[in-house]
Amino acid sequence: LDVIAADTAGPGLLAYRREYAGEVVFVVMNTANHSILVNQLKVDAEPGRVLEPVFAEGFDARVTTDAAGHLNMQLPPRAIVILRLLDEVVAVDDAQAPPVMIDPMETGIMHAKDFEISGKAGAAARQLQLLINGNLDEPIDVVADAKGAWRAIVPVRNLGASTNYAQIYAPRTGTLSDRVSYQTHVQEAELTLTVDDPADDGRGPRGDYIGPQHSESGSQREIESAHVRIAGHNLELTLTMAEVTDVWVPPNGFDNVTITTFVDLPDVDGERRLPLLYARMPADLDWDLGHFASGWSSYTFTTAGATTQQEGEKLGVSPKVSADKANRTIRFLYEGSKLGVADWSNASIYVTTWDAAGEGGYRDITPEPGKWYFSGGNADDPRVMDDIMIRIGDSE
């Protein structure tokens, strides 16, 4: 197995070569929720060599190497294709299109606002597109002048700190510039919302649950408030808890609680049942995106395949997690572009607390108190010690 391309900025291109018994295949996948360009992928083949899919999801065309023997194609979101080299070779135009270029950028700058970049393109490539992090679904139109010079504004919107890259694409000639990396750090939110939770209500739906009885179990499942900040595609959720502990040295900075969050996006058909919690979304809501977080684990999942007894399809993307023991806060930064969420406005966020065993599964509930179990209920009662609802439409 030889990895020949991997996007390090986040979900995107992953490609590798496999060889067995003289047969070679190339596995090319798009792990992002947006379309991408596969550009100049080195497959060690002569110009005009034809490759056919032997397996594919979201892609079904034969492809041909270019005049340099490289592979170029467009992959839809979450597409995967396994390509096999054929003996067939077709004629290709060996005339190379003029390159598109981005002028060198000053390094070491942390951009907090929009900034300008410039470059040059061939005279035939007047209509250009600025691509951010390879996202072909949200191009920014750029027009070059008669001499091929162009300028473009790089938008800086997303809350938090991130490393990104920009490219210029000429659709007419199919040429793509090299990547130019840059860093952003947006601290000012476009929308904010704080929701307080009643004190000392972390006792289950009926108010009669009892937490595990071991010595380190306290009020870690009690939510006091939730604070949301949104800018661009990103949403920051900060929970203030009655207690945050790290006695078992969890890498995420908190223990004795699992936080399972469900997001209901407007105009999207979702799921009412909350997997493994024996509960349902409150009111008339249905969830579309789930997030499980403990001191040792953090992952997101969708409704695909979700049932009462199992979570849905995992996305392979986790929000950034941090905890502040002194201030009793746990913070999650959800990057919408990686989660397939372009707009958080009018979304509803339902946050629940419980606890998980060392193996990762939710702790059981029994009628009688126990050292490592919850009590005050039956095995099929909701595994929700405390909860809070945040409706983004109420933001200021």
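Welcome! Six strands, β1 (2-6), β4 (36-42), β7 (70-75), β9 (101-102), β15 (160-170) and β16 (175-176), each supply at least two residues to the lining of the largest pocket. Please keep in mind that this is a predicted model.

**The largest pocket**
- The space inside the largest pocket comes to about 1000 Å³.
- Its lining is made up of 41 residues, and N39, Q40, N72, T175 and L176 lie nearest the centre.
- Strand β4 gives the most to this lining, with six residues.

**Strand β19 and its partners**
- Strand β19 spans residues 223-231, and seven of its nine residues are buried, so the strand is largely enclosed by the rest of the structure.
- Strand β18 (residues 191-196) pairs with β19 in the antiparallel sense, over six bridges.
- Within that part of the picture, A226 in β19 is the bridge partner of V195.
- Strand β20 (residues 234-241) also pairs with β19 in the antiparallel sense, over eight bridges.
- Here R229 stands opposite E236 in β20.
- A hairpin is formed by β19 and β20, with two residues between them. In its turn, G232 has a positive phi of about 65°.

- V247, W248, W296, W372 and Y373 make a nonpolar surface patch of about 520 Å².
- One of these residues, W248, sits in the loop between β20 and β21 (258-264).
- W248 has a relative accessible area of 33%, so it counts as partly exposed, a class that lies between buried (under 20%) and exposed (over 50%).

Note on methods. Residues are numbered from 1 along each chain as its sequence is written. This is a predicted model: local features need pLDDT of at least 70, side-chain atom pairs count only at pLDDT 80 or more; totals for chains, interfaces and linings use all residues. Side-chain values use heavy atoms; hydrogens and water are left out. Buried means under 20% relative accessible area, exposed over 50%, partly exposed in between (1.4 Å probe, protein chains only). Helices (H or I, at least four residues) and strands (E, at least two) are DSSP runs, numbered from the N terminus. Two strands pair if DSSP finds at least two bridges between them. Patches are made of residues with over 30% relative accessible area and no salt bridge: like charges are joined within 9 Å, nonpolar side chains (Val, Leu, Ile, Met, Phe, Trp, Tyr) within 5 Å. Accessible areas come from the Shrake-Rupley method with a 1.4 Å probe; for residues, only the protein chains shown count as cover. A salt bridge is a side-chain nitrogen of Lys or Arg within 4 Å of a carboxyl oxygen of Asp or Glu. On a 1 Å grid over the protein atoms alone, a cavity is a set of points where a 1.4 Å probe fits but cannot get out, and a pocket is an open set with protein on both sides within 12 Å along at least five of seven lines; lining residues have an atom within 4 Å of a point. Grid points are joined across faces, edges and corners, and a volume is the space filled by probe spheres set on the points.
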